[in-house]
Amino acid sequence: MLESRAMARTAVALAREIRSREEKLLTPPLKWAGGKRWQLPHVRKYWESQSHRRLVEPFCGGLAVTLGLKPERALLNDVNPHLINFYRQIQKGLKISIEMGNDRVLFYEHRDRFNELLRNGKSTSREAASLFYYLNRTAYNGLCRFNRSGEFNVPVGRYATINYRRSFAEYQSVFANWNFTTNRFDEMALRPDDFVYADPPYDVVFTQYSKDGFGWNEQVETAEWLAKHRGPVILSNQATPRIMRLYRDLGYRLIKLDAPRRISCTGDRRAAKEVLALRNVS
């Protein structure tokens with residue numbers, strides 16, 4: 001009997017170890033522009049002593065930071081409802097059954113079907129989530145863009161090979177205690193002790209964020225909203241002069257970082273500068 005109990009304990013320990021390894025290896029299930037996985041070493045050192053808190057991301061995007069920090073509880077928001085539907089379907093055990101392939105004709109058939117679902121009020125369906133995943137993996141540069149009519153209009157990409165997955169079982173257990181919402185950032189119900197990591201769209205002259213614009217007024221509103229939060233805050237952005245002034249004037253502690261990307265539109269190949277703006281963290 002003692003031997004059987006020892007074997008049972010060993011099996012439980014092994015299962016936990018396997019699950020721990022799977023969680024450590026989890027990467028974002030979607031391709032998403034502006035992912036901040038490279039920031040994890042900088043963010044994690046502030047998070048580790050605060051990991052008993054709920055993690056909140058007002059602009060969760062591809063989940064690179066949340067998957068890297070692996071919180072027990074999280075409130076994850078994004079204004080893109082199709083992104084949030086995909087995550088919610090994963091929580092329900094999403095398994096993709098549609099045909100998937102690196103094929104131009106198939107891509108446009110699936111794009112048309114996805115837009116048809118949107119027009120018919122079926123954007124929160126499992127089929128819509130499956131098509132959204134396929135379009136994300138197959139579209140040009142993994143872009144997510146909609147026209148003024150609300151239709152997905154990114155063209156097919158050019159890839160030698162594409163790896164698709166049909167099951168997201170390993171994500172389902174990780175997502176179990178995470179709450180996904182799709183609201184404006186300032187409509188989120190923050191708790192005083194929440195740990196907030198916010199990565200709004202970059203401050204540039206023009207930014208199209210999902211279907212609605214995210215301009216300078218929204219940058220100011222985000223910074224002012226989080227400056228009132230009593231819990232830990234890490235706010236990430238491009239280190240433009242006006243962003244630096246805004247954050248400094250609101251009492252944030254600023255840390256400049258070199259982002260692993262290059263500025264190419266003007267031929268300037270210098271590393272882009274980003275800033276982490278900190279409040280109530282040490």
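The dialogue that follows works through several features of a predicted model.

Biologist: What should I keep in mind about numbering and confidence before reading this model?

Modeller: Residues are numbered from 1 along each chain as its sequence is written, and side-chain values use heavy atoms, with hydrogens and water left out. Because this is a predicted model, local features need pLDDT of at least 70 and side-chain atom pairs count only at pLDDT 80 or more, while totals for chains, interfaces and linings use all residues.

Biologist: How many helices and strands are there in the protein chain, and what percentage of its 282 residues is buried?

Modeller: Helices (H or I, at least four residues) and strands (E, at least two) are DSSP runs, numbered from the N terminus, and the protein chain has nine helices and nine strands. Buried means under 20% relative accessible area, exposed over 50%, and partly exposed in between, with a 1.4 Å probe and protein chains only; by that rule, buried residues account for 46% of the 282 residues. Contact means heavy atoms within 4.5 Å, and of the contacts between residues at least 6 apart in sequence, 72% join residues at least 24 apart.

Biologist: How do I read the two faces of a strand, and which residues of β4 lie on each side?

Modeller: In a regular strand the side chains alternate between the two faces of the sheet. In strand β4 (residues 195-198) both faces are covered, with Phe195 and Tyr197 buried on one side and Val196 and Ala198 buried on the other.

Biologist: Which strands pair with β4, and in what sense, parallel or antiparallel?

Modeller: Two strands pair if DSSP finds at least two bridges between them. Strand β1 (residues 55-57) runs parallel to β4 and is joined to it by two bridges, with Val56 having Val196 as its bridge partner. Strand β7 (residues 233-238) also pairs with β4 in the parallel sense, over three bridges, and there Val196 stands opposite Val233.

Biologist: Where is Val275 placed, and is it buried or exposed?

Modeller: Val275 is in strand β9 (residues 271-279), and it counts as buried because its relative accessible area is 0%. Leu235 is 40 residues away from Val275 in sequence, yet the two C-alpha atoms are 8.0 Å apart in space. If residues up to four places away in sequence are not counted, Val275 touches several residues, including Leu235, Ser236, Ile243, Tyr247 and Leu254.

Biologist: How is the packing of two helices described, and at what angle do α5 and α6 pack?

Modeller: Two packed helices are described by the angle between their axes and the distance between the axes. Here the axes are lines fitted to C-alpha atoms, for helices over the stretch in contact, and angles run from 0 to 180 degrees between N-to-C directions. Helix α5 (residues 104-119) and helix α6 (residues 126-138) pack at about 140°, with axes 10 Å apart, which makes α5 oblique to α6. For these words, angles under 35 degrees count as roughly parallel, over 145 as roughly antiparallel, 65 to 115 as roughly perpendicular and the rest as oblique. Among the residues that make the contact are Phe107, His110 and Phe114 of α5 and Leu131, Phe132 and Leu135 of α6.

Biologist: Which residues of α4 are buried, and how does α4 cross α6?

Modeller: Helix α4 (residues 81-91) is mostly covered, since eight of its eleven residues are buried, namely His82, Leu83, Ile84, Asn85, Phe86, Tyr87, Gln89 and Ile90. These buried residues pack against β2, α5, α6, α7 (169-175) and β3 (178-181). The axes of α4 and α6 come within 9 Å and cross at roughly 110°, so α4 is roughly perpendicular to α6. On the α4 side the contact is made by His82, Leu83, Asn85, Phe86 and Gln89, and on the α6 side by Arg126, Ala128, Ala129, Phe132 and Tyr133.

Biologist: How many disulfides are there?

Modeller: A disulfide is a covalent bond between the sulfur atoms of two cysteines. When it is taken as a pair of cysteine sulfur atoms within 2.5 Å, the count is zero. Cys60 is buried, at a relative accessible area of 5%, whereas Cys144 is partly exposed at 22% relative accessibility.

Biologist: Where does Lys70, with its positive phi, lie?

Modeller: Lys70, a residue other than glycine, has a phi near 55°; its place is in the loop between α3 (64-69) and β2 (74-77), and it is partly exposed because its relative accessible area is 36%. Asn280, which is not a glycine either, has a positive phi of about 60° and lies in the segment after β9.
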